[in-house]
Amino acid sequence: MEEFEFLTEDNDSGSGIKLVTPGDGDVPKWRRELPDLLPVMPLRGVVVFPGTVAPFTIERKASQQLLEELLPHSRLLGLATQKDAELDTPGPDDIYSVGSLGIVLRMLRQDANTLVVLVQIVERIRYSDFGQTEPYLKAHFEILENTLPDPEAEESIARFRNLKETAIRLITTNPNIPDEAAQAVNTMDDPVLLTDFLATNLSIELPQKQQLLEDTDVPRRMETVQRIVNNQQHIAELQLKLRQDVETEFTDAQRRAYLREQLRAIQRELGEGDTGEAQVDDLRERIEAAHLPLTVLQQAERELRRLDIIPPASPEHSVIVSYLETLAELPWHTLSEDHYDLARARAILDRDHHGLDKVKRRLIEYLAVRKLNPEGRGPILCLLGPPGVGKTSLGQSIADALGRQFARISVGGLRDESEIRGHRRTYIGSMPGRLIQEIRRAGTRNPVIMLDEVDKIGADFRGDPASALLEVLDPRQNHAFTDRYLDVPFDLSQVIFIATANTIDPVPPPLRDRMEIIHIPGYTEAEKLAIARQYLVRRQLHENGLRPAECRWTPSALRTLIEDYTREAGVRTLEREIGSVCRAVAATVAEHPGHRTTVTPDFIRQILGPPRFLREAAMQESAPGVVNGLAYTTVGGEVLNIEAIRFPGTGRIQLTGQIGDVMKESMQAAWSLVQARAATLGIDPEDFKKYDIHVHVPAGAIPKDGPSAGIAMFTALASLFSGRKVDRRVAMTGEVTLRGLVLPIGGLKEKALAAERAGIRKILIPALNEKDVPEIQESARKRLKIIPVRTVDEVLREALLRN
């Protein structure tokens, strides 16, 4: 199939028509599938002829329903021109009885109310009887056959050649018809195809085109088209002469105005002018009202000029419209008025969060600096802590205290750099980055934006989002942040960025360097009890439709939930379990209105089953080779029971419990130190050769690593070979050296809280970590005896029981 594109000026339902040259072969498949009743789609202001492919913009609901019901089982479609183009629901008497038979090649949904279809016109048809009028027309039909001239007659040959030559001269003279049309005409040797091709493109009235469609006598049709072509050729020559006479008198501005007016007239004829022009005018008004910066305004004006000459059916039209709408809706100058009432801010933080005094104090200091120096470049805060401790809600509280809009962007698992910098406008569907989108939704240039889970950002072949954040979070660069979609600078310097993370190690050092880390520790059991009573129970009662009198919680029930059904640093699981109990009470109240339930520990066990966690993280009895170690994880601190046994062998060591490389090295250092101090510890050196050692760190399914188990490993091995028991009430943490020194560790607050939760009352910490003791909650410090140690000798003195 060979196709030639050419311009049409009379089809206001489609945006262009292509010529299709029929090929040789057998009877087409569509002729063998002709239905008895053919769906008929009325056309406004356009007549289509066989041998062409035409696009149509469908907005009428009836026509859309016709296509949606037709296409699953057939592609044959009748086309008929309306006598009155203003009618929205034409009936059988409102359309011409002669139309065209088409094959739907493609359908595209442009938006919620508009379809675009591409139809190949194959035959003239006459509608004889309409068997359906609602919701759309269906009619019986017959195919009209052409009366062909004698191909050998000299008169027919001369008439055909004359029509071709005149048509080529018209195409050459008329600048509105592309040169490809002349090539198409020159290659035609079929009078039927030539007359239909010219009839499609001639600027004549609709009734005259309809007459050409209805005329099946090809010689007579050729004469009619010849007269029209001669007339238009004469007019085109006069227009050319007039243009040449006045061309030198036009200024550039006049030429642009003239061409723009001609373009609008053409678009109106095509049915595109009113909507497109109104849309452009609306965008121009919105851009003027937005008071864009000069560089942005210049870019917007360039895109508006492009939009004037691009038809609405073009895919690029929607890309430009979306871009201009984004520019117009961004808050280039809109700022929220800040409220720097520190007392109010403190009250909001106390209202929304229990405890966290150090964190609240740092946030109040941050707001105080903003109050004294609003234009200053403050630090980027990063709230670091285990899940469920209230990091995200702290960001919301800061926004409420300042009176700013709050937006949250989850960057966990983000792998595409374009999510930060935006997508280039090189394809349909491109969009700005998440930052610009959230600022657009917020409607203000200075919102509080929470970058959640920055420790879980990924990277692959699409770029490194963490590196893209370097520009965003640098106060000296983000005043001119350039999103790839906008391609113009946008000022982010007034945005307050707050990041959150569970652990700081995965965050790249350059990104970490741009943030001030605020550690948020886990909650003690007393704090969890207070949070549950003040916040969680009330919220779950409200969410489950219960009144306080219908579900009364006892403090002992909450303590049972905290101790036996949750094991976390935060309160997320605790709230989930409270919700489970409330749902069970709600089911009872729904069946028995007015029923009142008192939640007790027994009721908790009845609803949730047996305890999920037993308070046996600390050892139940003192024994040689078993030590309470302390570990720091992303969910807070944990107590590890490090177990060591010996049995006859050759001095080999076996390590189990998914121990990482760093912990294995700590084990080797502890083993070497025990052998080196055998005499001091009262151990027979020959025992090291006679026994194999197995060291296990439960639970075996959970990976573990880190250097802080060094003194616990040493204590376990020393007690195992010396035969002295380890005090079950003691837990310890610290890195050990080959000289027997105890080095500092991290996560002391979390480890201390874990020991306090497990019922341990004495912990051994490196002496160099004494400076971190004040950061442990006062309630935990009162219940724990914290002993700093400098050497392993001090560790053994505190941890081993006397025989």
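This is a predicted model: local features need pLDDT of at least 70, side-chain atom pairs count only at pLDDT 80 or more; totals for chains, interfaces and linings use all residues.
**The parallel sheet**

Start by selecting β10, β11, β14, β9 and β15. These five strands form an open sheet in the order β10-β11-β14-β9-β15, with parallel pairing. Colour β10 (406-410) and β15 (515-519) separately: they stand at the edges with a single partner strand each, so one side of each has no neighbour in the sheet. From one strand to the next, the twist averages 25°.

**Strand β9**

Next, select β9 (380-384). Five of its five residues are buried, so β9 is largely enclosed by the rest of the structure. Show the side chains: Ile-380, Cys-382 and Leu-384 point one way from the strand, while Leu-381 and Leu-383 point the other way. For Cys-382, the relative accessibility is 0%.

With β15 the pairing is parallel and runs over five bridges; here Leu-383 stands opposite Ile-518 of β15. With β14, which also runs parallel to β9, there are four bridges, and the bridge partner of Leu-384 in β14 is Ala-501.

**From β14 to β11**

Keep β14 (residues 496-501) on screen and select β11 (residues 448-452); the two pair in the parallel sense over four bridges.

**Two helices**

Select α12 (residues 357-372). This helix lies across β9, β14 and β15, and it runs at about 145° to β15.

Then move to α5 (residues 206-214), where Lys-209, Gln-210, Leu-212 and Leu-213 are buried. These residues cover an arc of only 155° around the axis, which puts them on the same side of α5.

**Cysteines**

Select the cysteine sulfurs. A search of the whole structure finds zero disulfides. Cys-551 is a case to inspect: the nearest cysteine sulfur, that of Cys-582, is 4.5 Å away, and Cys-551 is in no disulfide. Cys-551 counts as buried, at 2% relative accessibility.

**Salt bridges**

Finally, show the charged side chains. The structure holds 41 salt bridges, and the stops below are examples.

- Select Glu-223 and Arg-159, whose closest N and O atoms are 3.5 Å apart in a salt bridge. Glu-223 lies in α6 (residues 218-246) and Arg-159 in α2 (residues 154-173), so the pair ties together parts that are 64 residues apart in sequence. Glu-223 is partly exposed, at 36% relative accessibility.
- Select Lys-456 and Asp-455, a salt bridge with the closest N and O atoms 3.2 Å apart. Lys-456 counts as partly exposed at 38% relative accessibility, whereas Asp-455 counts as buried at 9%.
- Select Arg-652 and Asp-692, a salt bridge with the closest N and O atoms 3.5 Å apart. Arg-652 is in the loop between β19 (636-648) and β20 (653-656), and Asp-692 is in strand β21 (residues 691-696), so this pair ties together parts that are 40 residues apart in sequence. Arg-652 is exposed, with a relative accessible area of 59%, whereas Asp-692 is buried, with 6%.

Notes:
Residues are numbered from 1 along each chain as its sequence is written. Side-chain values use heavy atoms; hydrogens and water are left out. A disulfide is a pair of cysteine sulfur atoms within 2.5 Å. Buried means under 20% relative accessible area, exposed over 50%, partly exposed in between (1.4 Å probe, protein chains only). The arc is that of the directions from the helix axis to the C-beta atoms. Two strands pair if DSSP finds at least two bridges between them. Axes are lines fitted to C-alpha atoms, for helices over the stretch in contact, and angles run from 0 to 180 degrees between N-to-C directions. Contact means heavy atoms within 4.5 Å. A salt bridge is a side-chain nitrogen of Lys or Arg within 4 Å of a carboxyl oxygen of Asp or Glu.
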